[in-house]
Amino acid sequence: MKILSVNAGSSSLKFTLIELPSREVLASGLFEKIGLADSMYTIKFNGQKIKKEANLVDHSVAVSKLIDELLENNIVASLNEIEGVGHRILHGGSEFTQSLILDEDVLERISKYNELGPLHNPANIMGVKAFMKVLPDVKNVGVFDTTFHQTMDEKEFLYPVPYDWYEKYSVRKYGFHGTSHRFINKTISEYLGRNDLKVISCHIGNGGSLCAINGGKVVDTTMGFTPLAGIMMGTRSGDIDPSIIPFVMKKTGMTAEEVVNELNKKSGLLGISGISSDSRDVEMAAEEGNEKAILAQEMYAQKIANYIAMYNNLLNGADVITLTAGVGENSKTMRKMIVDRIQSLGVKIDAAKNDFRGEFRLISADDSKIPVYVVPTNEELMIALDTMDLIS
């Protein structure tokens, strides 16, 4: 069974074609600058890479071009081989608690949450409609970033603000990266042969969040009403005192939206280091002795460690800690910095085991009280698996 996993942005379309149940990636690619004059696309398959400029007027044109390339390059012999399309959708509010088959009625219901995910949800829906138009006989499945976190108890997802903010305006913690955290929990649970694990899942990339999971149920997660909350990230501040916002507004004359934009796009590693939002650039500068880069790395590691310690307490002792995403999978330096800051939990790293990139591995010492694993995430596969289950 061939499944397309799709992530549509406002001017982009990322895809992976996966063969199930073998999990073989047949092709992947990215359509960029859709609707702009200099649009283009890249497709990788069978060890090859093609890159072309194209007049991608809208997402439907991009999808048509994608289908043409799949056929012309014999990646699929006919459209009948594509049995389902799974879509990453950012926000399903508290209404959508599992993945589901999409139709016009469901898309209308999803659109109610566009104001909670204004940058992503409309684009995600646009991508779904493009595939519905080009492949009308193929079923589409929606997989939500927020779904996994809907198992949180009220005492965890509510904010200590007037309760009618929740009742009237749906102000609550939603959490994001849910598809990644769910994949990590599934992977480590299968590997260890247990379905009752207490897991602290650390998705640390340019965006980052942690998740406390007990037997497959989310207890708490660091991102909140929006993805701005929680740990320090590439360009996001993470948790701050909200009174900073009106203070900076008065000092600078900026609007609330402008200040929040700075917190989203000019803070985090970029804001502190003044160098880059890319942890690799910051790490390199730190190795060269740049004091602000060193400070940024230390802050980043400490804030992650603080949440690990809090979640260990919340779970009454974790069974396993997992590290994933760009930084978690590839930076042995940051992995060591984080683990060194949770030694009070009896967690220890093994330097030899930690010397690698991008693989599933145990990196903690033999006498570590909590084992620490690096588990590469695969949101595209999780989307494909959900799609296969639903269309079957």
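Let me begin with a term: a residue is called buried when its relative accessible area is under 20%, exposed when the area is over 50%, and partly exposed in between, using a 1.4 Å probe and protein chains only. By that rule, buried residues make up 51% of the 392 residues in the chain.

Before going further, please keep in mind that this is a predicted model, in which local features need pLDDT of at least 70 and side-chain atom pairs count only at pLDDT 80 or more, while totals for chains, interfaces and linings use all residues. Residues are numbered from 1 along each chain as its sequence is written, and side-chain values use heavy atoms, with hydrogens and water left out.

Now the overall form. The radius of gyration, taken over C-alpha atoms, is 21 Å, which agrees with the value near 21 Å for a compact globule of 392 residues; the rule behind that value is 2.2 Å times the number of residues to the power 0.38. Along its principal axes, the C-alpha trace spans about 60 × 55 × 45 Å. If we take contact to mean heavy atoms within 4.5 Å, then among contacts with a separation of 6 or more, residues 24 or more positions apart account for 60%.

As for the surface, the chain exposes about 18100 Å², of which carbon and sulfur atoms supply 49%, the areas coming from the Shrake-Rupley method with a 1.4 Å probe.

Next, the secondary structure: the chain has 14 helices and 14 strands, these being DSSP runs numbered from the N terminus, with helices (H or I) of at least four residues and strands (E) of at least two. Two strands are said to pair if DSSP finds at least two bridges between them.

Strand β7 runs antiparallel to β8 (residues 139–144) and is joined to β8 by 2 bridges, with I101 standing opposite V141 in β8.

Another open sheet has 6 strands, ordered β11-β10-β9-β12-β14-β13, and here too the pairing is mixed. Because β11 (217–221) and β13 (361–362) each have a single partner strand, they stand at the edges, and one side of each is left without a neighbour in the sheet. Within this sheet, β9 (residues 198–204) and β10 (residues 208–214) run antiparallel and are joined by 7 bridges; the bridge partner of I200 is A212 in β10.

The loop between β2 (13–19) and β3 (24–32) contains P21, and the peptide bond from L20 to P21 is cis, with omega near 10°. R23 is in the loop between β2 and β3 as well; its phi is near 70°, a positive value in a residue other than glycine, and R23 is partly exposed at a relative accessible area of 39%. N316, in the loop between α11 (291–314) and β12 (320–324), has a positive phi near 55° and is exposed, with a relative accessible area of 69%.
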